[in-house]
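I opened a new structure today and kept notes as I went. Here are the entries, in the order I made them.

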Amino acid sequence: MCSIIFPATDVMSTTESPVENSGQEDEPKNRKRKISLSNCSLCGLQEAKYKCPGCLVHSCSLPCVKKHKEDSSCSGIRNKTAFVALSQFDEMALLSDYRFLEDTGRFADGATRDGLVRTPRTTSKAKKLSACARRMNITLRFLPVTFTKSRENSTFCLTREKIFLWHLKLVFPQSNTEFSQRRVSDKKTLEQILTPYIHPTESDPVTRQKNLGHHHS
């Protein structure tokens, strides 16, 4: 529950005279008139009656409001994080900030209840790989378990042989091509891995030309 403190000038005293009360009743009319001091920004013919919460454009009618949204792709939603000068910061701005913080709190609470967020950060397979890597003095970095690449990764370790069989993705940026290899032993050198793709004589000519990005005019 929140308490809203109104300024003392808005509360009428029981000792005020009828003349003073009538002056205060006229004040809201003057405030409403401020919007109508400018013409409609769309048609320019009528006095403005509405102000867009999103971009503060003045309009006079529903057709002009719709035209404004179509022409500018404006959502009509007020920017809750927009800067407000201290001289313009009033009770409504304070209440807006308070509600914004409440919405943020609800969103954060909802995220903690989401099933995806509650997914374990690691798996038994990742724990085994980490343990095996530490014994072999290898540093591993894991993607979150919700990532597609993490689910597709087939790397595993032969504990007794102390060998990693890697799932590799070979990327050739010159030709924008990718190749995947599974169960690649860590005993292989980089030259042996790349031989089928770029070796001058032992690789397929079409594949080699494509991967190296060679083009003949």
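Which residue forms a salt bridge with aspartate 71? I looked it up and found lysine 67, with the closest N and O atoms 3.1 Å apart. I note here that the model is predicted.

**Entry: the pair in α2**

I asked where the two partners sit. Aspartate 71 and lysine 67 are 4 residues apart in helix α2, so about one helical turn separates them. I wrote down the general rule beside this: an α-helix has 3.6 residues a turn, so residues three or four places apart point the same way. Aspartate 71 is exposed, at 54% relative accessible area. Lysine 67 counts as partly exposed, at 40%.

**Entry: other salt bridges**

How many salt bridges does the structure hold? I found 3. One of them joins arginine 106 and aspartate 103, whose closest N and O atoms are 2.2 Å apart. Both residues lie in helix α3, 3 residues apart, about one turn of the helix. I checked their cover. Arginine 106 is exposed at 53%, while aspartate 103 is partly exposed at 30%.

Glutamate 178 pairs with lysine 169, and here I read 3.7 Å between the closest N and O atoms. Glutamate 178 counts as exposed because its relative accessibility of 53% is over the 50% cut-off. Lysine 169 is partly exposed, at 45%.

**Entry: the overall layout**

I stepped back to the whole chain. The protein has 7 helices and 5 strands. From the N terminus, I read the order of elements as α-β-β-α-α-α-α-β-β-β-α-α. Buried residues make up 17% of its 217 residues. The protein exposes about 17700 Å², and carbon and sulfur atoms supply 56% of that area. I also looked at contacts between residues at least 6 apart in sequence: 28% of them join residues at least 24 apart.

**Entry: an annotated stretch**

I checked the UniProt record next. Its unreviewed entry places "domain: HIT-type" at residues 40–74. Over those residues I find 31% helix and 11% strand. The end C-alpha atoms of the stretch are 16 Å apart.

**Entry: glutamine 181**

Is glutamine 181 buried or exposed? It counts as buried, because its relative accessibility of 16% is under the 20% cut-off. I located glutamine 181 in strand β5, residues 177–185. I then listed its contacts, leaving out residues up to four places away in sequence: Trp166, His167, Leu168, Leu170, Ile193 and Tyr197. With tyrosine 197 there is a side-chain polar contact of 2.8 Å. Isoleucine 193 is 12 residues along the chain from glutamine 181, and their C-alpha atoms are 9.1 Å apart.

**Entry: a surface patch**

Last, I looked for nonpolar groups on the surface. Val84, Leu86, Phe89 and Leu94 form a nonpolar patch there, with about 400 Å² of accessible area together. I followed up on valine 84. Valine 84 lies in the loop between α2 (62–72) and α3 (91–113). Its relative accessible area is 37%, so valine 84 is partly exposed.

Key. Residues are numbered from 1 along each chain as its sequence is written. This is a predicted model: local features need pLDDT of at least 70, side-chain atom pairs count only at pLDDT 80 or more; totals for chains, interfaces and linings use all residues. Side-chain values use heavy atoms; hydrogens and water are left out. UniProt positions are given in the numbering used here, feature names are shortened, and annotations may be inferred rather than shown by experiment. Helices (H or I, at least four residues) and strands (E, at least two) are DSSP runs, numbered from the N terminus. Patches are made of residues with over 30% relative accessible area and no salt bridge: like charges are joined within 9 Å, nonpolar side chains (Val, Leu, Ile, Met, Phe, Trp, Tyr) within 5 Å. Accessible areas come from the Shrake-Rupley method with a 1.4 Å probe; for residues, only the protein chains shown count as cover. A salt bridge is a side-chain nitrogen of Lys or Arg within 4 Å of a carboxyl oxygen of Asp or Glu. Buried means under 20% relative accessible area, exposed over 50%, partly exposed in between (1.4 Å probe, protein chains only). Contact means heavy atoms within 4.5 Å. A polar contact is a pair of N or O atoms within 3.5 Å; within protein, one must be able to donate a hydrogen and the other to accept it, and residues adjacent in sequence count only if both atoms are side-chain atoms.
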